[in-house]
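Reader: I am new to this structure and would like a close look at a single part of it. Please take me through how the pieces there are arranged.

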Amino acid sequence: MNNSVFVQRRAQLIATLQPDSVVLISAATEQSRSRDTGYPFRQHSDFWYYSGFNEPDALLILSNRANLPAAQLLCREKDPAQEVWHGRRLGPQAASEALQLQATALSEQSTILKQSLDGSSAVYLNLTEQTDLLAQITVQMQDLKQREKRGERAPLQLIDLAPLSGAQRLVKDDSEIAIMRQAGEISAQAHIRAMQYCRPGRFEYQLEAEILHHFALNGARYPAYNSIVGSGNNGCILHYTENSSLLAAGDLVLIDAGCELYGYAADISRTFPVSGKFSDEQAALYQLVLDAQYAACNAVKPGSDFAAVTAAAEHVLTEGLLGLGILQGELSQLIADKACKQYFIHGIGHWLGLDVHDVGAYKVNNASQNGSEQPFVPGMVLTIEPGLYIPAGSPTERRWWDLAVRIEDNLLLTADGHENLTTAVPKEIDAIEQLMATGNARD
Ligand SMILES: [Mn+2]
């Protein structure tokens with residue numbers, strides 16, 4: 001990625017700070033999986049967004065103070081002995097040039113942190129997420145307070161960075177949109193591959209394997225979240241990730257999977273019949289969720305908001321459930337009662353970006369201040385994912401029991417509406433059945 005984009009983001013953030021402030025953002029640390037093996041390293045999203053630096057054990061310091069650099073990075077020093085075991089390090093010298101900021105060895109952290117805090121009016125950091133950093137700052141502030149007689153001064157305010165970085169990250173820039181378009185395309189093709197590979201007698205984890213294989217082959221080594229492949233009544237478990245059941249003829253299978261590309265997530269759900277042909281009940285319920293998804297997608301345009309999108313989907317779902325006899329009563333009353341929520345148990349969607357459930361406010365103010373909805377503007381990316389889940393024992397005819405359907409796409413807000421980033425994977429009943437009938441080369 002072009003480094004000027006990170007420079008621009010830092011400048012944009014610095015422009016919103018109170019006078020004489022510093023911003024502190026910690027890199028992620030490596031996590032042990034068991035004894036000497038670690039989880040794959042994943043950089044902290046804010047740290048990545050403002051630095052473009054993908055190593056652990058680093059601190060980014062931004063400031064608008066005259067006596068401090070605008071952007072400073074503390075990072076691990078070069079160390080040939082460590083690097084031969086654990087991998088290359090950029091080192092402060094190369095980092096300064098590559099990242100266009102002032103870089104210093106991490107061993108200077110205590111001194112530099114104190115210099116940055118001394119005399120600052122406010123310190124911005126993520127107060128609820130970066131608690132180790134908060135603890136370090138507290139210790140430094142105690143030291144500064146003890147030396148106030150010598151002219152040192154502890155900051156007066158700690159300010160949560162999350163609303164500021166959240167607002168900035170909510171509207172994607174061109175480089176992010178390009179990556180997310182690609183992440184959507186790779187993920188869509190992976191879902192196609194799973195549909196083609198699906199057969200009764202194969203296992204859920206084998207569909208997952210097809211998907212992960214396609215991600216990795218196309219430059220997205222890791223999924224953005226643990227893939228969900230739930231067949232039959234496993235589909236009714238929203239975050240089912242065991243993926244261990246045998247795929248049975250006559251069941252639906254629900255897949256929720258997306259790749260991570262340069263830190264950015266895709267998040268697609270599709271539901272299809274294991275044997276390639278929907279039963280009457282499956283088709284009826286599926287078409288209803290699909291109609292609701294189209295209604296919700298149609299409401300995604302500048303000036304609209306999640307409440308409007310939710311209302312559009314819930315209207316279609318309620319009307320449809322009433323038509324199928326799954327709900328009983330009077331339509332306007334059922335809508336007012338949100339009766340469809342018995343089977344549509346999650347939200348219509350969420351912001352998408354560096355985090356799958358990305359940062360950014362859903363309400364402009366909180367409820368006690370007459371909170372209003374965050375209006376959609378071009379550059380936002382979100383998911384639209386209505387679903388219906390009817391576990392056994394639900395107060396409906398048994399023929400609907402154990403059915404679960406979710407259909408999820410990723411939408412980019414544009415000037416005149418939206419662009420669907422994940423449209424390559426089919427969702428019409430005919431198109432799915434046709435695709436599954438073609439199979440793939442590895443039969
Ligand atoms: Mn989602």
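Author: What follows looks at a sheet and the helix beside it, and then at a pair of helices. The model is predicted.

The sheet is open and has 3 strands, in the order β10-β11-β14, with antiparallel pairing. β10 (228-231) and β14 (268-273) are the edge strands, and each has a single partner strand, so one side of each lacks a neighbour in the sheet. From one strand to the next, the twist averages 10 degrees.

Strand β11 (residues 252-257) runs antiparallel to β14, and 6 bridges join the two. Within this pair, I255 stands opposite R270 in β14. Helix α8 (residues 174-197) packs on the sheet, where it touches β11 and β14. The direction of α8 makes about 15 degrees with that of β14.

Next come the two helices. Helix α10 covers residues 280-298 and helix α11 covers residues 306-323. Their axes come within 8 Å and cross at roughly 155 degrees. Angles over 145 degrees count as roughly antiparallel, and α10 and α11 are therefore roughly antiparallel to each other. The crossing of α10 past α11 is right-handed.

On the α10 side, the residues in this contact are L288, D291, A292, A295 and A296. They meet V309, A312, A313, V316, L317 and G320 in α11. Sorted by class, the contact of α10 with α11 has 9 nonpolar residues, 1 polar and 1 charged.

Terms used: Residues are numbered from 1 along each chain as its sequence is written. This is a predicted model: local features need pLDDT of at least 70, side-chain atom pairs count only at pLDDT 80 or more; totals for chains, interfaces and linings use all residues. Axes are lines fitted to C-alpha atoms, for helices over the stretch in contact, and angles run from 0 to 180 degrees between N-to-C directions. Helices (H or I, at least four residues) and strands (E, at least two) are DSSP runs, numbered from the N terminus. Angles under 35 degrees count as roughly parallel, over 145 as roughly antiparallel, 65 to 115 as roughly perpendicular and the rest as oblique. A crossing is left-handed if the near helix is turned anticlockwise from the far one by less than a right angle, and right-handed if clockwise. Two residues are in contact if their C-beta atoms, placed from the backbone, lie within 7 Å. Ala, Val, Leu, Ile, Met, Phe, Trp, Tyr, Cys and Pro count as nonpolar, Asp, Glu, Lys and Arg as charged, and the others, Gly among them, as polar. Two strands pair if DSSP finds at least two bridges between them.
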